[in-house]
Amino acid sequence: QVQLVESGGGSVQAGGSLRLSCAASSSGYTFSTYCMGWFRQAPGKEREGVAAISTRSGNTHYADFVTGRFTISQDYAKTTLYLRMNSLKPEDTAMYYCAAQPGVYCYSASWSRLSEYKAWGQGTQVTVSS
């Protein structure tokens, strides 16, 4: 069982930055091989993939709409996932969630597929004003 807790959301003006964190814990398992992802959901819209990282290789994937602005990373112990968000836009306003796929790498064709993820956090709100 993997538990995920996000933090770091808040309200910023357009052009500002935030860093989201996701603390991961699991009883009896290590995080040596996980696909960890960040997703977001704006009011009235479907949840969408933002970025993902394979914890073993460090390979990353990004949605086109955040490439060059957001950076996904993990700490050395691979127990905390980060999302650094720069040059924020009002359209980035959403609830941001982290999610985990145990025991697999992230793949280009599937990293943003919600059904692939087995554990989800409760989310952290990001609001960007113009």
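**Entry 1: the link of C35 and C106**

I began with the bond of C35 and C106, which is right-handed, with 105° about the S-S bond. I noted that C35 lies in strand β4 (residues 34-41) and C106 in the loop between β9 and β10 (119-120), so this pair ties together parts 71 residues apart in sequence. The S to S distance of the disulfide between C35 and C106 is 2.1 Å; I counted as a disulfide a pair of cysteine sulfur atoms within 2.5 Å. I found both C35 and C106 buried, that is, under 20% relative accessible area with a 1.4 Å probe and protein chains only.

**Entry 2: the basis of the values**

I am working with a predicted model, in which local features need pLDDT of at least 70, side-chain atom pairs count only at pLDDT 80 or more, and totals for chains, interfaces and linings use all residues. Residues are numbered from 1 along each chain as its sequence is written, and side-chain values use heavy atoms, with hydrogens and water left out.

**Entry 3: the link of C22 and C98**

I then looked up C22, which a disulfide joins to C98 at an S to S distance of 2.0 Å. C22 lies in strand β3 (residues 18-26) and C98 in strand β9 (residues 94-102), so the pair ties together parts 76 residues apart in sequence. The torsion about the S-S bond of C22 and C98 is about 50°, so this disulfide is right-handed. I recorded C22 and C98 as buried.

**Entry 4: the whole structure**

How many disulfides does a search of the whole structure find? I noted two. With the bonded cysteines of the protein numbered in sequence order, I wrote down the pairing as 1-3, 2-4.

Notes. Helices (H or I, at least four residues) and strands (E, at least two) are DSSP runs, numbered from the N terminus. Buried means under 20% relative accessible area, exposed over 50%, partly exposed in between (1.4 Å probe, protein chains only).
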